[in-house]
Amino acid sequence: MQQEELKNRLSEVKDKLIGIEETTERRIYLLCEAENAYAVNKFLFKELSLRFVIVTGIDSDDCFEILYHFSNDESGCFVTVKAFIRDRENPAIESITPFVPAAEWIERELHDILGIDFMNHPNLRRLILADDWPDGVYPLRKEVKK
Amino acid sequence: MKKTMQKPILAVGPFHPLQEEMEFFQLTVDGEIVTDIDVRISYNHRGIEKLSETLQYDQIPYLVSRICGICSASHPLAYIQAVEEIAGVEIPERARYVRTIINELERIHSHLLWVGLGGHFIGYDTVFMWAWKYREPVLDLLEEITGNRNNYGNVRVGGCREDIPDEIIPKILKELDVIEQKTEMLTKAILDDPVLHARLKGVGVLSKKDAVAYAVTGPTARGSGIKIDVRHDDPYAAYGDLDWNVISQTEGDVFAKAVVRLLETFESIKMVKESLNKLPKGPVAIEVKEIPPGEGCGHVEAPRGETFHYVRSDGGNRPIRHKVRAPSYVNVPSFKASCIGQHLADVTLTLAAVDPCYSCTERLAVIDGHNNVIHDYEALLRMSREKTARIRKEIGAPEFKLEDA
């Protein structure tokens, strides 16, 4: 898919987004609330056949940001879905592993280190942390000392 | 049955300087056939992403080059590209070529390393010795240019730390001719060997559909008919100016992956030669004073696939988030598709075919339903070699040992 076509197709999910940012020609960020992330991701992976790259979790000041990075290899463009989880007490978001098997590890990792609950994940066991790591301590959160 | 498998049964092994991650595979077997595979990782989690938030922008390249000794040019470059994207930096022409040369030399030595290990796994130790012998001069060249055989630390925001002195270019070109000739001999010996065709074809097949689902990258994807390569798709450094081809095969088996890597080695040699001949004059770095607030994605085609770095800056002198994804992170889970239904004797090879870091395969054990270790790594290696010997006999290959040749 060429760059022009990609941009046109992305406008199909416009109503689920709260903004589109283009930092450079080949980097597009789609901003959305956590509850719409599943639908947007499914559209990118299933309809546009973008390649799943990875998920980044960020402990921002007043929310958690979950960034789903996808790549359109034909035009070398990254499309990143930036989902905001506003509930800091019980952060949760729908898992994408049921339709992207490649996301299994990274969702388990973020569950471990950032304490995000990926709802409907088929296998949300620990991946990174040791078995004897205390519950409720999430090393990538800002309050954990470096 | 699964319930008895939940606790790992091998202790954490010794640290190995080559490894990117330690991994522990638990295979469920039905006789000789693998029916399920479970992977445990993170025995040696170093918390690099968290650590990175405590370091200044110009210190991080040295940290991320230590993520993996083999990909120690790719990780810093991906990080630097993310930072340069935030700062909107245009680097000097010469720096783009120097980056290309270092990264392609890295690919040559990494692919030769893999060919050697692949040979070792199926009992062709001559291949191992040859490949590692021809890899050595590549490391010497890297040492001469950057000062280190690995962990080159040669990129910085705004360009490169060390230039390639014009006087050593003829020497590098001469060395490359020798390496090319030797690699050609090695490649012919491998691709013309009927035993290897019989041993590697149809083994550990990763279908194109599975390759998409598991989002694999690099030679693992290109061996399954997915023609993706960051160097071609989102050209960085000087790749856009060079004449080269993306190598891909459609079969998805171990043989296809071997072919991809061997042929890529020649493309890399070609690229280094062209870059050296075209090397522009001028400085190799510009000063970058500060990094503005923003976010950037950098990716690089490492020898094993796409290395991805995401960096976010708040305008201070340290990133507030730095995400790293090494290619093995997506390539390793594809074992779930390529190992199930395989013979035990093929498992080491199938795992090795995606070129995870060396230690991964050492964490291998087979357990039966009663949670006992029934085959350790040594035994699996032996089975793999015995199968090669059997095939040799069946197709009437000469009786001599390759080691004697």
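## Helix 6 and helix 11 of chain B

In this predicted model, helix 6 (residues 169-191) of chain B packs against helix 11 (residues 254-278) of chain B at an angle of about 165 degrees, and their axes are 10 Å apart. An angle over 145 degrees counts as roughly antiparallel, and helix 6 and helix 11 of chain B are therefore roughly antiparallel to each other. The crossing of helix 6 of chain B with helix 11 of chain B is left-handed.

On the helix 6 side of chain B, the residues that meet helix 11 are B:Ile169, B:Ile172, B:Leu173, B:Leu176, B:Ile179, B:Glu180, B:Thr183, B:Thr187, B:Ile190 and B:Leu191. Helix 11 of chain B contributes B:Ala258, B:Val259, B:Leu262, B:Thr265, B:Phe266, B:Ile269, B:Val272, B:Lys273 and B:Leu276. By class, the residues of this contact are 14 nonpolar, 3 polar and 2 charged.

## Helix 4 of chain B

Helix 4 (residues 93-121) of chain B is made up of 29 residues and reaches 43 Å from its first C-alpha to its last, close to the 42 Å expected at 1.5 Å a residue. This helix is mostly covered, with 27 of its 29 residues buried. Just after helix 4 of chain B comes B:Gly123, which has a positive phi of about 90 degrees.

One partner of helix 4 of chain B is helix 14 (residues 344-353) of chain B: the two axes come within 10 Å and cross at roughly 175 degrees. Helix 4 and helix 14 of chain B are therefore roughly antiparallel to each other. In this pair, B:Leu117, B:Gly118 and B:Phe121 of helix 4 meet B:Thr348, B:Leu349 and B:Ala352 of helix 14. The contact has 4 nonpolar and 2 polar residues, and no charged residues.

## B:Ser74

B:Ser74 lies in helix 3 (residues 74-87) of chain B.

Leaving aside neighbours within four places in sequence, the contacts of B:Ser74 are B:Asn103, B:Glu106, B:Val300, B:Ala302 and B:Thr307. B:Asn103 is 29 residues from B:Ser74 along the chain, and their C-alpha atoms are separated by 6.6 Å.

## Helix 2 of chain A

In chain A, helix 2 (residues 34-47) has 14 residues. The distance from its first C-alpha to its last is 20 Å, close to the 20 Å expected at 1.5 Å a residue. Helix 2 of chain A is followed by A:Ser49, with a positive phi near 55 degrees.

The buried residues of helix 2 of chain A are A:Ala34, A:Ala37, A:Tyr38, A:Val40, A:Asn41, A:Leu44 and A:Phe45. Their cover includes strand 2 (27-33), strand 3, strand 4, strand 5 (77-85) and strand 6 (92-94) of chain A.

## Contact between chains A and B

The contact between the chains takes 24 residues from chain A and 26 residues from chain B. On the side of chain A that touches chain B, at least two residues each come from strand 1 (19-24), strand 3 (51-59), strand 4 (64-72) and helix 3 (104-114) of chain A. Strand 3 of chain A gives the most to this side, with 6 residues.

By class, the residues of the side of chain A that touches chain B are 13 nonpolar, 5 polar and 6 charged. Strand 3 and strand 4 of chain A supply residues to this side, and both are also among the elements covering the buried residues of helix 2 of chain A.

Conventions: Residues numbered from 1 in each chain as written. Chains lettered and ligands numbered in written order. Predicted model: local features only at pLDDT ≥ 70, side-chain atom pairs only at ≥ 80, totals over all residues. Contact = placed C-beta atoms within 7 Å. Helix = DSSP H or I, 4+ residues; strand = E, 2+ residues; numbered from the N terminus. Nonpolar A, V, L, I, M, F, W, Y, C, P; charged D, E, K, R; others polar. Expected span 1.5 Å × (residues − 1). Buried ≥ 20, exposed ≤ 12 C-beta atoms within 10 Å, placed from the backbone. Axes fitted to C-alpha atoms, helices over the stretch in contact; angles between N-to-C directions. Parallel < 35°, antiparallel > 145°, perpendicular 65-115°, else oblique. Left-handed = near helix turned anticlockwise from the far one by under 90°.
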